[in-house]
Amino acid sequence: WFALILASRVMGPTFGFLLGSLSMTLSALLTGGIGPWLAYQVFAAALVGAGVAIIPSRISGKLEIALLALYGALASEVFGIAMDLQFWPWSLGSSTNLSYRAGAPVTENLSHFFQYHFLSALAWDIPRATITVILIAIAGKPALNALRRARHKAAFLSAAQFKELSDVRLNHR
């Protein structure tokens with residue numbers, strides 16, 4: 001999430017949405033991780049990239065890094081909840097204490113889900129959030145500066161210029 005969050009911060013939410021969705025899709029194609037979960041992963045990663053826009057653009061310096069790290073931790077957890085939510089109902093079967101129970105009260109199923117999520121979060125979500133926060137705290141400022149220089153040099157935000165039709169010379173034979 002480190003690179004996705006920082007690139008989205010510099011390039012904007014549309015770029016972040018596309019970067020999140022395309023990087024997750026390409027990763028699945030390269031690693032063979034294609035399955036029924038892929039659409040959820042793609043959409044959730046795209047939302048992580050686009051969601052960086054909730055941090056106001058006028059914020060900079062140490063506060064920017066702190067908010068990006070906090071966003072990284074929250075985004076990691078929300079991503080984990082979304083992935084568990086699509087996986088939980090059919091992954092455990094119906095015979096465990098953590099299983100989804102059709103017809104059960106919503107509170108009972110939510111209790112089962114959050115117990116399941118807590119157990120799976122110990123392996124995936126908490127380390128993902130921790131690593132994201134550490135990377136943003138340590139390398140966030142230099143990475144943001146490098147990305148901002150690259151955006152400026154590449155002129156991604158320059159406006160297109162069009163010539164008037166009268167200025168274009170047509171070659172007739």
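Visitor: What separates D125 and R128 in helix α6?

Guide: About one helical turn, because D125 and R128 are 3 residues apart in helix α6. The model is predicted: local features need pLDDT of at least 70, side-chain atom pairs count only at pLDDT 80 or more, and totals for chains, interfaces and linings use all residues. Residues are numbered from 1 along each chain as its sequence is written, and side-chain values use heavy atoms, with hydrogens and water left out.

Visitor: What makes D125 and R128 a salt bridge?

Guide: The definition asks for a side-chain nitrogen of Lys or Arg within 4 Å of a carboxyl oxygen of Asp or Glu. Between the side chains of D125 and R128, N to O is 3.0 Å. That lies within 4 Å, so the pair counts as a salt bridge.

Visitor: Why is D125 called buried?

Guide: Buried means under 20% relative accessible area, exposed means over 50%, and partly exposed is in between (1.4 Å probe, protein chains only). D125 has 3%, so D125 is buried.

Visitor: How many salt bridges does this rule give?

Guide: The count is 3. One of them joins the side chains of R9 and E64, at 2.8 Å from N to O. R9 sits in helix α1 (residues 2-11) and E64 in helix α4 (residues 62-91). They are 55 residues apart, so this pair links distant parts of the chain. Helices are DSSP runs of H or I with at least four residues, strands are runs of E with at least two, and both are numbered from the N terminus.

Visitor: What does R148 pair with?

Guide: R148 forms a salt bridge with E64, and their closest N and O atoms are 2.7 Å apart. R148 lies in helix α6 (residues 125-154) and E64 in helix α4, so the pair ties together parts 84 residues apart in sequence.

Visitor: Why is E64 called buried, and why is R148 called partly exposed?

Guide: E64 has 0% relative accessibility, so E64 counts as buried. R148 has 27%, so R148 counts as partly exposed. R9 is buried too.

Visitor: How many helices and strands does the protein have?

Guide: There are 6 helices and 0 strands. Along the sequence the pattern reads α-α-α-α-α-α.

Visitor: What share of the protein is buried?

Guide: Buried residues make up 33% of the 173 residues.
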